[in-house]
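The sequence and the structure are shown first.

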Amino acid sequence: MGSPRRFPVPLRCKTCAVLLVAVAAAAQVRAQTPVCSYTVINSYPHDDGAFTQGLLYDGGVLFESTGLYGESSLRRVDLESGNVLQQIGLDAAYFGEGLALWDGNLIQLTWREHTAFLWNATSFASTGSFAYTGEGWGLTHDGRRLIMSDGSSNLRFLDPVTYAESGTVAVVDDDGPVDDLNELEWIAGEIFANQWYTDRIARIDPDTGGVIAWINLDGLLDPQPPAGDVLNGIAWDAAGERLFVTGKRWPSLFEIELVGCPELRLFFDGFETGGLEDWSTTQP
Ligand SMILES: [Ca+2]
């Protein structure tokens, strides 16, 4: 005599149906990644020779890292005029990339040279360097960890003192993994990331990697820049709550406000029960 079935066949089929509904519901959650827009608050001059790869705002000025071999630089820039107040060039063997400010040092990544340079943020004097594996694209920090992109759909977390990698998060939206994550900015509990060769910025939940919303910046620079001179450069004035964006060799840098977006993570009282936990079940 065979052992009795745990469930009668009809119930097992019903269980399958419930699972299918659950899968469909999860897909529905992924299909709901909001896409929001922007309005321009201010427009400022930007050096159209600056191949922007890293941008941040601190102490009333912008710091900028520019790329290309033989043209890479570190700059202090006046916001209002766009004038370059201070600049050093990188050796022609290095292609400048992401930029973050930590404990008085500017940390500047390089694209394929596996080297991050440390510069005194006041004097721009060299204060060291460290090595990492893979490519360097964007860099920011959340107050306790450096956050780095490498062109993939993963973001890496690095210890800001030892530079050891402490973890990664896979970034996904309704369409799956989000590749080509580029320049980064930590804003009110979220990671903002340019996606290379698009006019979009992803707002990423740092815990789950889920894209909270896309910001569509289509049409921000008019006329359209030449191919390759893409949107890249996000800076946040935390004190003034001002968001700045620009692009590679763009003649303008814009202060924008978001339109039709979900509230920023730390500004949203209902975050803890806001349903973002659903993302943890939809990551590949
Ligand atoms: Ca930035």
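Glycine 128 is located in strand β9, which covers residues 126-131. The model in which this residue is described is a predicted one. Is glycine 128 buried or exposed? With 10 other C-beta atoms within 10 Å, glycine 128 is exposed, because a residue counts as exposed when 12 or fewer such atoms surround it. The C-alpha atom of glycine 128 is separated by 5.1 Å from that of leucine 118, although the two residues are 10 apart along the chain.

**Overall composition**

Of its 284 residues, 38% are buried. Among the contacts with a separation of 6 or more, 51% are made by residues 24 or more positions apart.

Leucine 74 has isoleucine 88 in β5 as its bridge partner.

A further open sheet has four strands in the order β10-β11-β12-β13, again with antiparallel pairing. Here the edge strands are β10 (139-141) and β13 (165-170), and each of them pairs on one side only. The twist from one strand to the next averages 25°. Strand β12 (residues 154-158) pairs with β13 over five bridges in the antiparallel sense. One of the residue pairs between them is asparagine 154 with alanine 170, the latter being the bridge partner in β13.

**Pairing around β22**

Strand β22 (residues 252-259) pairs with strand β1 (residues 35-45) in the antiparallel sense, over eight bridges. It also pairs with strand β21 (residues 242-247), to which three bridges join it in an antiparallel arrangement. Glutamate 255 of β22 is a point of reference for both pairings: it is the bridge partner of asparagine 42, and it stands opposite phenylalanine 244. The hairpin of β21 and β22 has four residues between the strands, and arginine 249 in this hairpin takes a positive phi near 60°.

| Strand pair | Sense | Bridges |
|---|---|---|
| β1 and β22 | antiparallel | eight bridges |
| β12 and β13 | antiparallel | five bridges |
| β21 and β22 | antiparallel | three bridges |

**The nonpolar core**

Which residues have the most contacts inside the largest nonpolar core? They are Val171 and Val211, in a core of 57 residues. Strand β19 (residues 211-216) supplies the largest share of this core, namely five residues. Leaving aside residues up to four places away in sequence, valine 211 touches Thr33, Val171, Val172, Asp173, Val178, Ala202, Arg203 and Ile204.

**Backbone features in the loops**

A cis peptide bond, with omega about 5°, joins aspartate 222 and proline 223. Proline 223 is found in the loop between β19 and β20 (231-237).

Positive phi values also occur in residues other than glycine. Phi of aspartate 180 is near 60°, and this residue is placed in the loop between β15 (176-177) and β16 (181-187). Aspartate 180 has 15 other C-beta atoms within 10 Å and is therefore partly exposed, since that class lies between the limit of 12 or fewer for exposed residues and that of 20 or more for buried ones.

Glutamate 241 has a phi near 50°, likewise positive in a residue other than glycine. Its place is the loop between β20 and β21. Is glutamate 241 buried or exposed? With 12 other C-beta atoms within 10 Å, glutamate 241 is exposed, because the limit for this class is 12 or fewer.

Terms used
Residues are numbered from 1 along each chain as its sequence is written. This is a predicted model: local features need pLDDT of at least 70, side-chain atom pairs count only at pLDDT 80 or more; totals for chains, interfaces and linings use all residues. Two strands pair if DSSP finds at least two bridges between them. Helices (H or I, at least four residues) and strands (E, at least two) are DSSP runs, numbered from the N terminus. Axes are lines fitted to C-alpha atoms, for helices over the stretch in contact, and angles run from 0 to 180 degrees between N-to-C directions. A nonpolar core is a set of buried Ala, Val, Leu, Ile, Met, Phe, Trp, Tyr and Cys residues joined through C-beta atoms within 7 Å. Two residues are in contact if their C-beta atoms, placed from the backbone, lie within 7 Å.
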